[in-house]
Amino acid sequence: MLKQIRNYKLTYVIYNFFNKKKLKHNIPLYRKFGIRKSYFSSISSKNFLHLPLSERKINFEKLIGTDLYSNLSEENKASVQEYDKNGFIVLRNYIDTNTADEINTEIEKLMNEGTLKFRYGGKLMFAIHHSEIIRSIGNDEKLLEFLSILLDGNAKLFQSINFINGSQQKTHSDSIHMTTYPLGGLLGVWIALEDVDENNGALHYIPQSHKLPYFLNSDYDNEGSALKIGKQSYKAYEEFLEAKVKELGLQKEIFRAKKGDLLIWHANILHGGEPHLDKSRTRKSLVYHYFDKDSICYHEVTQRPALFQL
Ligand SMILES: O=C(O)CCC(=O)C(=O)O
């Protein structure tokens, strides 16, 4: 029953109406891009079909002039230089192991007191709203400056997710969940809070897959109608993508991470979580998602504009 109600766009419109303050940033953006919609109505990629597919360009001179870049090791700098080609950056030892331990202690405390509970399987959502240390790492000015250049926009910390165990998520692009017009206005920043390898649910990614088209609702018959969002299950998206990866002969790589290592991924890189084989180990990690606040940010599957915390 609840699922059926959720299929109606009106349900979200009502919800959005009561969260209008968190959507008001869209008013000037809709004006700028000529979107004739109220800022609390449903929105999806089909509302942008008439607009140009504008490209994002990374200003590398500016990127290598940032404080964050200047302080990187040679190995990390080399990874930054390959970002446009590969669609991801690995920054080894980005936080020290004591800081990772502090985050783990904080998460344990927030779980014990009931502030954070597992949602959508094993996700601990939005610790940034409860933990100063998690918020301040994600909102670090040097990091935001660096990410803004990668986005060719203006990075805003949108969300954090902590994991205790591997997500085991099938290969996907974040752009099906967190989408923007112009496309590409999202970044994922993943941090290992302990050593992670193929036995405890490592992150995987497909290098260079960010250059593929963005696969969105129309690619798997999930556009819906004037009243309803698309009828396909999320599994249908995963299966569509799995078939695509096979058809194109794409190969994933596994991110073997040491505690404190960080990986930045592009809005369209295909990635996911490996099976968590060794159940005697945990896989503590933290992922931040950033939107470009100069873009229209929304959720393609549920056709909702993204709510920004004030
Ligand atoms: O941490 C993982 O295993 C995957 C996380 C992920 O896919 C995401 O946050 O988009």
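Predicted model: local features only at pLDDT ≥ 70, side-chain atom pairs only at ≥ 80, totals over all residues.

Biologist: Why does Gln303 count as buried?

Modeller: Buried means under 20% relative accessible area, exposed means over 50%, and partly exposed lies in between, with a 1.4 Å probe and protein chains only. Gln303 has 2% relative accessibility, so it falls in the buried class. Its phi is near 55 degrees, a positive value in a residue other than glycine.

Biologist: What makes Asn93 an exposed residue?

Modeller: Its relative accessibility is 56%, and Asn93 therefore counts as exposed. Asn93, in the loop between β1 (88–91) and α8, also has a positive phi, of about 60 degrees, although it is not a glycine.

Biologist: How do you know that the length of helix α8 agrees with its number of residues?

Modeller: The expected span of a helix is 1.5 Å times one less than its number of residues. Helix α8 (residues 97–112) has 16 residues and should span 22 Å, and because its end C-alpha atoms are 22 Å apart, the two values agree.

Biologist: Which residues of α8 are buried, and what puts them on the same side of the helix?

Modeller: The buried residues of α8 are Thr99, Ala100, Ile103, Asn104, Glu106, Ile107 and Leu110. They cover an arc of only 160 degrees around the axis, so they lie on the same side of α8; the arc is that of the directions from the helix axis to the C-beta atoms. The face turned away from that buried side carries the exposed residues Asn98, Thr105 and Asn112. The buried residues of α8 pack against β3 (123–125), α9 (132–138), β4 (155–163) and β11 (285–292), with contact meaning heavy atoms within 4.5 Å. After α8 comes Gly114, whose phi is positive, near 85 degrees.

Biologist: Why is Lys123 called buried?

Modeller: Lys123 has a relative accessible area of 17%, so it belongs to the buried class. Lys123 has its place in strand β3 and touches Lys117, Phe118, Ile161, Asn162, Phe163 and Gln169, if residues up to four places away in sequence are not counted.

Biologist: Why is Arg31 called exposed?

Modeller: Arg31, placed in helix α3 (residues 26–33), has a relative accessible area of 64%, and it is therefore exposed.

Biologist: What makes α10 a largely enclosed helix?

Modeller: Of the 11 residues of α10, 8 are buried, so the helix is largely enclosed by the rest of the structure. Among these buried residues are Leu143, Phe146, Ser148 and Ile149. Just after α10, Asp152 takes a positive phi of about 55 degrees.

Biologist: How much space lies in the second largest pocket, and how much in the largest cavity?

Modeller: On a 1 Å grid over the protein atoms alone, a cavity is a set of points where a 1.4 Å probe fits but cannot get out, whereas a pocket is an open set with protein on both sides within 12 Å along at least five of seven lines, and lining residues have an atom within 4 Å of a point. Grid points are joined across faces, edges and corners, and a volume is the space filled by probe spheres set on the points. The second largest pocket holds about 880 Å³, and the largest cavity about 30 Å³.

Biologist: Which residues line the largest cavity, and how do they divide by class?

Modeller: The lining consists of Ser44, Ser45, Lys46, Asn217, Ser218, Glu223 and Glu300. Ala, Val, Leu, Ile, Met, Phe, Trp, Tyr, Cys and Pro count as nonpolar, Asp, Glu, Lys and Arg as charged, and the others, Gly among them, as polar. The cavity lining accordingly has no nonpolar, 4 polar and 3 charged residues, whereas the lining of the second largest pocket has 20 nonpolar, 7 polar and 7 charged.

Notes:
Residues numbered from 1 in each chain as written. Heavy atoms only, no water. Helix = DSSP H or I, 4+ residues; strand = E, 2+ residues; numbered from the N terminus.
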